[in-house]
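Colleague: Hi! Could you walk me through this one? I'd like to start with the metal site.

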Amino acid sequence: MSMRPNASADPELLEAILLVGGQGTRLRPLTIGMPKPLLPTAGVPFLAHQLARAATSGVTRVVLATAYRAEMFAECLGDGSAFGLEISYVHEEVPLGTGGAIRNAAAGLRSKPDSPVVVLNGDILSGHDLAAQLDLHCKDDAAVTLHLVEVPDPAPFGCVPTDSAGRVTAFLEKTPNPVTNRINAGCYVFRREVIDEIPAGRVASVERETFPALIDAGAVVLGYQDNSYWLDVGTPEAFVRGSCDLVLGRLRSAALPAVPGVPGEAMVLDGATVDARATVVGGTVVGTGAVIADGARVAGSVLFDGVRIGVNARISDSVIGRDAVIEAGVVLDGVVIGEGSRIAAGNELRAGMRVWPGVELGPTSIRFSTDT
Ligand code: GDD
Ligand code: MG
């Protein structure tokens, strides 16, 4: 990475705040027992991919801004040495929103007032060049530099128009009438002192308050746009797609463990058993201890540890929680099955269905008969 003109007194220090306090509501029931950023994704906790990319981009220290199920993060990620980083944890007693969380996490930063600090949403898979974003930020001495991407449907995101010089002219969070397809990709570089100006101790949103206020005040807010791989994994469909894309090699992650055959059609983790007459394709992950029986077909799906798939079952585009049992011949297409559930033979579940943890979906009681 090139020289950063306003790097901190410690030239080796580059800090990032990682926002991981959301409840992951759209991913329920998977997020009932585990926060979204820790869900197993291509064989490792989701955050491992972000941490590995941050480390390879020059980040040396990460402050995790936690709220929902905070204790699970330290248990899973430790001091960060496994990722070549130092991780420290800051907790919000009540969730403070994105802006409040960033301000709260500033207590854990060591960077000087004019140093760049990276801020990352904790649910993004991105192949963009963070070092280039940092360089742009420092070269133009910006207050904030936002990574921007173009998406077909900008309505569920922060819509971010820019002028011809790349300066952000407005920030319109989840607007029903987006003025551009260019959206906030959830990776920012802040000048550290700009973080310190966010009001402390109350709920605040960077998207709805901080960015619009900075733009109104004439601060230099820049857009860094590139069109590399980008995905917010906040919905079940996107979560499955992200995991499959990693397995298929559409986005390289330094966090991928050395599993033979990666990238490839499937990632079968240690201790899983796949019958020789079963088919597992489309970037499917088969978790530790999972069993796939004779004649089953599993495509583009994520099977957590201990899942059992019965004979001739058909599974596609689905997430199946830990230890769930899918009996013979069941058809699942675009569904989420909670931990420990049992789906009995004869059931067929289609797009959008979600089964809560521990639910037993019994044998179908209706019997069709050709007798009259
Ligand atoms: N610590 C903490 N406290 N973190 C939070 C809180 C909070 O109160 N609220 C949300 N977060 C974290 C979430 O865990 C997530 O990592 C990140 O902030 C963004 O929250 P999401 O709930 O995923 O927001 P979104 O996807 O609807 O919208 C955001 O991301 C889009 C890109 O994916 C916005 O930043 C949009 O402008 C953006 O386009
Ligand atoms: Mg999100």
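Modeller: Happy to, and keep in mind that this is a predicted model. The magnesium ion (ligand 2) has Asp-123 (OD) and Asp-232 (OD) as its protein donors, at 2.1 to 2.3 Å.

Colleague: Where in the chain do Asp-123 and Asp-232 sit?

Modeller: They bring distant parts of the chain together, being 109 residues apart. Asp-123 is in the loop between β6 (116-121) and β7 (124-126), while Asp-232 belongs to strand β13.

Colleague: And are Asp-123 and Asp-232 buried or exposed?

Modeller: Both Asp-123 and Asp-232 are buried.

Colleague: You mentioned β6. Which sense does its pairing with β1 have, parallel or antiparallel?

Modeller: Parallel, over 5 bridges. Within that pairing, Ile-17 stands opposite Val-119 in β6. β1 also pairs with β4 in the parallel sense, again over 5 bridges, and there Leu-18 is opposite Leu-64.

Colleague: Why is β1 described as largely enclosed by the rest of the structure?

Modeller: Because 5 of its 5 residues are buried. In a regular strand, side chains alternate between the two faces of the sheet. For β1, Glu-15, Ile-17 and Leu-19 are on one side, with Ala-16 and Leu-18 on the other, and all of these are buried.

Colleague: Switching to aromatics: how many aromatic pairs does a search of the whole structure find?

Modeller: It finds 5. One of them is Phe-157 with Trp-230, with ring centres 5.6 Å apart.

Colleague: Why does the Phe-157 and Trp-230 pair count as edge-to-face?

Modeller: The planes are at 70 degrees, and the edge-to-face class takes angles over 60. This pair also links distant parts of the chain, 73 residues apart: Phe-157 is in the loop between β8 (144-150) and β9 (158-159), and Trp-230 is in strand β13 (residues 230-232). Trp-230 counts as buried because its relative accessibility is 14%, and the limit for buried is under 20%.

Colleague: Now backbone geometry. What should I check there?

Modeller: As background, most residues other than glycine have a negative phi, and most peptide bonds are trans. Here the peptide bond from Arg-28 to Pro-29 is cis, with omega near 10 degrees. Pro-29 lies in the loop between β1 (15-19) and β2 (40-41).

Colleague: And which phi value does Arg-69 have?

Modeller: Arg-69 has a positive phi near 50 degrees. Arg-69 sits in the loop between β4 (61-66) and α2 (71-77) and is partly exposed at 32% relative accessibility. Asn-312 is another case, with a positive phi of about 60 degrees. Its place is in the loop between β21 (308-309) and β22 (314-316), and Asn-312 is partly exposed, at 44%.

Colleague: Last one: what does Thr-235 touch, leaving out residues up to four places away in sequence?

Modeller: Thr-235 touches Arg-26 and Leu-27. Thr-235 itself lies in the loop between β13 and α7 (236-248), partly exposed with a relative accessible area of 25%.

Colleague: How far is Thr-235 from Thr-279 in space?

Modeller: They are 26 Å apart, C-alpha to C-alpha, and 44 residues apart in sequence.

Methods:
Residues numbered from 1 in each chain as written. Chains lettered and ligands numbered in written order. Predicted model: local features only at pLDDT ≥ 70, side-chain atom pairs only at ≥ 80, totals over all residues. Heavy atoms only, no water. Phe/Tyr/Trp six-rings, centres within 6.5 Å; stacked < 30°, edge-to-face > 60°. Helix = DSSP H or I, 4+ residues; strand = E, 2+ residues; numbered from the N terminus. Buried < 20%, exposed > 50% of the residue type's maximum accessible area, 1.4 Å probe, protein only. Contact = heavy atoms within 4.5 Å. Donors = N, O, S within 2.8 Å, 3.2 Å for Na, K, Ca; no water. Pairing = 2+ DSSP bridges.
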